[in-house]
Amino acid sequence: MLLRILTVFLSGLLCLTVAQAQDAGARSVLIRSVQADFVQEKHLAILAHPIVSTGRFTFKAPVSLRWEYFTPVHTVLLMDDGRTRKYVSQNGEFVEEHGMGVDSMQIVLQEITGWLDGEINDTPTFIAEPEKDGYIILRPRDQALARIVSRIELKLMGTSGLMESVTLYEGPESFTRMVFAEAVLNEAILPSVFRQP
Amino acid sequence: MKQVKSFYDAIKFFSVLLALLLLSSCTRGAPRMLPGMLSAELNPEQKEAVRQNCSGVFVAGDWQLVHSITFNMDLGRGTTVLGVTVLSGATVKTGLMTVEGFVLFEAELDAAGQLEVARALPPFDNRNFAQGLMRDVKTLFLEPVAVPVVAALGREGMGCRYDVAAEGTVDLIPIPGGSFVMHVYDREFTETLSIELKSFVTQDSGMFPEKIYLRAPGIRGYTLKMTLISAEKI
């Protein structure tokens, strides 16, 4: 559940605009919704082969989110109207997981909305360092968090204003890379997408 | 900085929650004691066939296994994580991570029994937790270092008994339908683990149980439901 806290707030980065990324003084492009498929690779020192996951991310401003993994375990995280729920597929049926820390998710939501409405280097959690070739490095301000996430590497998708990949480094040999594809910006999304698994 | 602190607190909250799930009691009643052994009325070839059947339950060679693991407690509450097990000879490497890939625990137990914890978020940074987890993983996948005795083991019938001098006793009993049940007892003959291994499948030329139900009885008991996601030869 811990990574959910991190990856979900990372999901806000999918909506980061090129203007935000390349020019801290630029205003945000209005983001109404974002949808994208993703492939996630987990690399770990002990792993001979990375663990590959696939899923789909759906966001609708201001604070509706569907973060779904299809494989290897079908899970759905829903955030809508101030409510956060997590479901896991068991024997073909979704079962709600309890005790997932709704309060924690509110913190996540603050991060997401912060990235959407403001500048990336304004976040109280990370320091943003724009780099060449469309990369941005985020480093945690807090040492306690740095022990869990050493840095986050963002790769922008050309000039589309969308993210191509997010790589979260936990340590020298441990990282999680999410590569996004088939991204769709500002398309209408039914409310039920954020309410039902 | 307040938000950062809240964020870190949230992470700690989840760690504590998961630890509680791990440690919460969901089993009751008197502990099971090691049953007596009755001589098996089998010829040597039949006994050898039973032994080989037992040995086939354990992993031989170098493998990477990935399971989804659901920790359960009373009132139907539970949480699901991914478990990674890398077996190389007698060396066991284990990682516990969220479905999203965030590593909660990573450790290695070498052939000499030396434990090295590479990562353990609080409160998993507890030596007893690490030792207990690695013991469970070793029990699940590696055949005990002992010659199994084929005998009738209590009500569950014919099976293999491994008497491991320093650790205790492991009973492995085939049950109808191709499944197995395993009981692990300490040196005081009290059961410490009960494991069901079900629905064996072939992956990458190896046989593995697709479903594993592990129950640790007692005040700090827990149940785990493990589902095989992948088994890859390395």
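Let's start with chain B, which has 3 helices and 13 strands. Keep in mind that this is a predicted model. Of the 234 residues in chain B, 39% count as buried. Now take the contacts in chain B between residues at least 6 apart in sequence. Of these, 47% join residues at least 24 apart.

First stop: helix H3 of chain B.

Which residues of H3(B) are buried? They are B:Ala130, B:Leu133, B:Met134 and B:Leu140. Look down the axis of H3(B): the buried residues fall within an arc of 125°, so they line one face of the helix. There is a general point behind this. An α-helix has 3.6 residues a turn, so residues three or four places apart point the same way.

What do those buried residues pack against? Five names to find in chain B: strand E4 (91–97), strand E5 (103–109), strand E6 (115–120), strand E11 (191–203) and strand E12 (206–216). Now turn the helix around. The face of H3(B) turned away from its buried side carries B:Arg127 and B:Asn128, both exposed.

Next, one loop residue. B:Leu42 sits in the loop between strand E1 (37–39) and helix H2 (44–55) of chain B. Why does B:Leu42 count as partly exposed? Because it has 15 C-beta neighbours inside 10 Å, and partly exposed lies between the 12 or fewer of an exposed residue and the 20 or more of a buried one. Leave aside its neighbours within four places in sequence. B:Leu42 is then in contact with B:Lys47 and B:Val150. B:Val150 is 108 residues away along the chain, yet the two C-alpha atoms are separated by 9.0 Å.

Over to chain A. Here we have an open sheet of 11 strands, with antiparallel pairing. The order is E6-E5-E4-E3-E2-E1-E11-E10-E9-E8-E7. Strand E6 (93–97) and strand E7 (126–130) of chain A stand at the edges. Each has a single partner strand, so one side of each is left without a neighbour in the sheet. Neighbouring strands of this sheet are turned by 20° against each other on average, direction ignored.

Strand E5 (residues 83–90) of chain A pairs with E6(A) over 5 bridges, in the antiparallel sense. There, A:Val88 stands opposite A:Val95 in E6(A).

Now strand E2 of chain A, residues 51–60. Is E2(A) mostly covered or mostly open? Mostly covered: 7 of its 10 residues are buried. On one pairing, 10 bridges join E2(A) to strand E1 (residues 33–43) of chain A, running antiparallel. A:Ser33 has A:Lys60 in E2(A) as its bridge partner. E2(A) also pairs with strand E3 (residues 64–71) of chain A, antiparallel, over 7 bridges. A:Phe59 stands opposite A:Leu65 in E3(A). A hairpin of 3 residues joins E2(A) to E3(A).

Last topic: the nonpolar cores. How many residues does the largest nonpolar core have? It has 63. Those with the most contacts inside it are A:Ile152, A:Leu154, B:Leu82, B:Met97 and B:Leu104. Apart from that core lies another, of 26 residues, including B:Leu153, B:Tyr162, B:Ile212 and B:Leu224.

Methods:
Residues are numbered from 1 along each chain as its sequence is written. Chains are lettered from A and ligands numbered from 1 in the order in which they are written. This is a predicted model: local features need pLDDT of at least 70, side-chain atom pairs count only at pLDDT 80 or more; totals for chains, interfaces and linings use all residues. Helices (H or I, at least four residues) and strands (E, at least two) are DSSP runs, numbered from the N terminus. The arc is that of the directions from the helix axis to the C-beta atoms. Two residues are in contact if their C-beta atoms, placed from the backbone, lie within 7 Å. Two strands pair if DSSP finds at least two bridges between them. A nonpolar core is a set of buried Ala, Val, Leu, Ile, Met, Phe, Trp, Tyr and Cys residues joined through C-beta atoms within 7 Å. Axes are lines fitted to C-alpha atoms, for helices over the stretch in contact, and angles run from 0 to 180 degrees between N-to-C directions.
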